[in-house]
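User: I would like to learn how to read aromatic pairs, cavities and pockets in a model. Could you take me through them one at a time?

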Amino acid sequence: MWRPVLIVLQPTPFCNISCDYCYLRNRDDRTIMSAEVVDAIRDKIFPKIASDAAPTVIWHAGEPTVVPLSWYRRAHSELRRAAPPQANFTLQSNGVSLSSEWLSFAKETETQIGLSIDGPQSFHDLRRKTRNGKGTWALVIRTLRRLQDGGIHPNVVTVLHPLSLRAADQYFEFYRDHGITHVSFSIDEAEGCHS
């Protein structure tokens with residue numbers, strides 16, 4: 001039997017923002033994972049996972065929240081009943097289109113939310129932009145507050161840049177002042193179309 005720790009599922013390659021460091025080549029592709037693929041994961045992969053395993057199943061890459069919530073309701077239902085009881089589901093989002101309906105879904109399904117926030121506004125807005133070139137910090141901070149007010153404390157993923165390393169105190173103060181207690185760091189990768 002398999003004992004995976006992390007299972008990453010990409011519901012769509014499309015992303016509604018345009019980060020300077022994004023390495024995904026197909027972020028304009030609005031294709032959505034088909035029901036047949038979800039069913040194949042349920043029928044061919046999940047049965048091979050040990051019943052006492054506790055994998056995290058994460059919806060990630062592209063922007064998962066651009067896919068209709070009705071799609072997730074079905075996908076979550078199919079995968080939850082086939083997954084080991086200890087499996088956790090999570091969704092990694094840029095926070096731009098995370099509506100109150102998404103928050104309700106997260107609570108109903110006990111889906112953890114991860115937000116991508118690249119630290120203080122000056123650092124975040126420098127590289128995480130809307131498709132028309134404006135910073136997304138205010139939008140994601142509004143979502144962070146809404147999540148926290150609703151009793152959801154998201155994990156935060158921050159992509160580090162050489163400038164970030166010179167501002168460790170600013171980053172620490174940002175996380176502390178915004179009630180962020182769980183942070184993961186990624187590096188600015190030279191990969192795919194991001195050379």
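**Aromatic pairs and enclosed spaces**

Analyst: The structure, which is a predicted model, holds 11 aromatic pairs. The rings of tryptophan 59 and tryptophan 71 give one case: their centres are 5.4 Å apart and their planes stand at 75 degrees, so the pair is edge-to-face. Tryptophan 59 belongs to strand β2 (residues 56-59) and tryptophan 71 to helix α2 (residues 69-82), so this pair ties together parts that are 12 residues apart in sequence.

User: Which residues form one aromatic cluster? And what lies over the face of phenylalanine 14?

Analyst: The cluster is formed by Phe123, Trp137, Tyr171, Phe174, Tyr175 and Phe185. Over the face of phenylalanine 14 lies arginine 30, at 3.9 Å from the ring centre.

User: How should I read a cavity, and which residues line the largest cavity?

Analyst: A cavity is a space where a 1.4 Å probe fits but cannot get out. Here the count comes to one cavity of 30 Å³ or more, and about 50 Å³ of space lies in the largest cavity. Its lining consists of Asp118, Phe123, Leu126, Arg127, Val159, His161, Leu163, Ser164 and Tyr171, and helix α4 (residues 121-127) contributes the largest share, three residues. Sorted by class, the lining has five nonpolar, two polar and two charged residues.

User: Where does serine 164 lie, and which residues does serine 164 touch?

Analyst: Serine 164 sits in the loop between β5 (155-160) and α6 (168-177) and is buried, with a relative accessible area of 5%. Not counting residues up to four places away in sequence, serine 164 touches Phe123, Val159 and Tyr171.

User: How much space lies in the largest pocket, and which residues are the closest to its centre?

Analyst: A pocket, in contrast to a cavity, is an open set of points. The largest pocket holds about 570 Å³ of space; of the 24 residues that line it, Tyr21, Tyr23, His60, Ser116 and Arg128 are the closest to its centre. Among the elements, β3 (88-93), β5 and β6 (183-187) each supply at least two residues of that lining, which by class has 11 nonpolar, eight polar and five charged residues.

User: What volume has the second largest pocket, and which residues line it?

Analyst: The second largest pocket has a volume of about 180 Å³, and its lining is made up of Leu6, Val8, Ile58, His60, Thr90, Gln92, Gly114, Asn155, Val157, His182 and Ser184. The elements that give two or more residues to this lining are β1 (6-9), β3 and β5. By class, the lining of the second largest pocket has four nonpolar, seven polar and no charged residues.

Technical notes
Residues are numbered from 1 along each chain as its sequence is written. This is a predicted model: local features need pLDDT of at least 70, side-chain atom pairs count only at pLDDT 80 or more; totals for chains, interfaces and linings use all residues. Side-chain values use heavy atoms; hydrogens and water are left out. Rings of Phe, Tyr and Trp (its six-membered ring) pair if their centres lie within 6.5 Å; planes under 30 degrees apart count as stacked, over 60 as edge-to-face and the rest as tilted. Helices (H or I, at least four residues) and strands (E, at least two) are DSSP runs, numbered from the N terminus. A charge sits over a ring if NZ of Lys or CZ of Arg is within 6 Å of the ring centre and within 35 degrees of the ring normal. On a 1 Å grid over the protein atoms alone, a cavity is a set of points where a 1.4 Å probe fits but cannot get out, and a pocket is an open set with protein on both sides within 12 Å along at least five of seven lines; lining residues have an atom within 4 Å of a point. Grid points are joined across faces, edges and corners, and a volume is the space filled by probe spheres set on the points. Ala, Val, Leu, Ile, Met, Phe, Trp, Tyr, Cys and Pro count as nonpolar, Asp, Glu, Lys and Arg as charged, and the others, Gly among them, as polar. Buried means under 20% relative accessible area, exposed over 50%, partly exposed in between (1.4 Å probe, protein chains only). Contact means heavy atoms within 4.5 Å.
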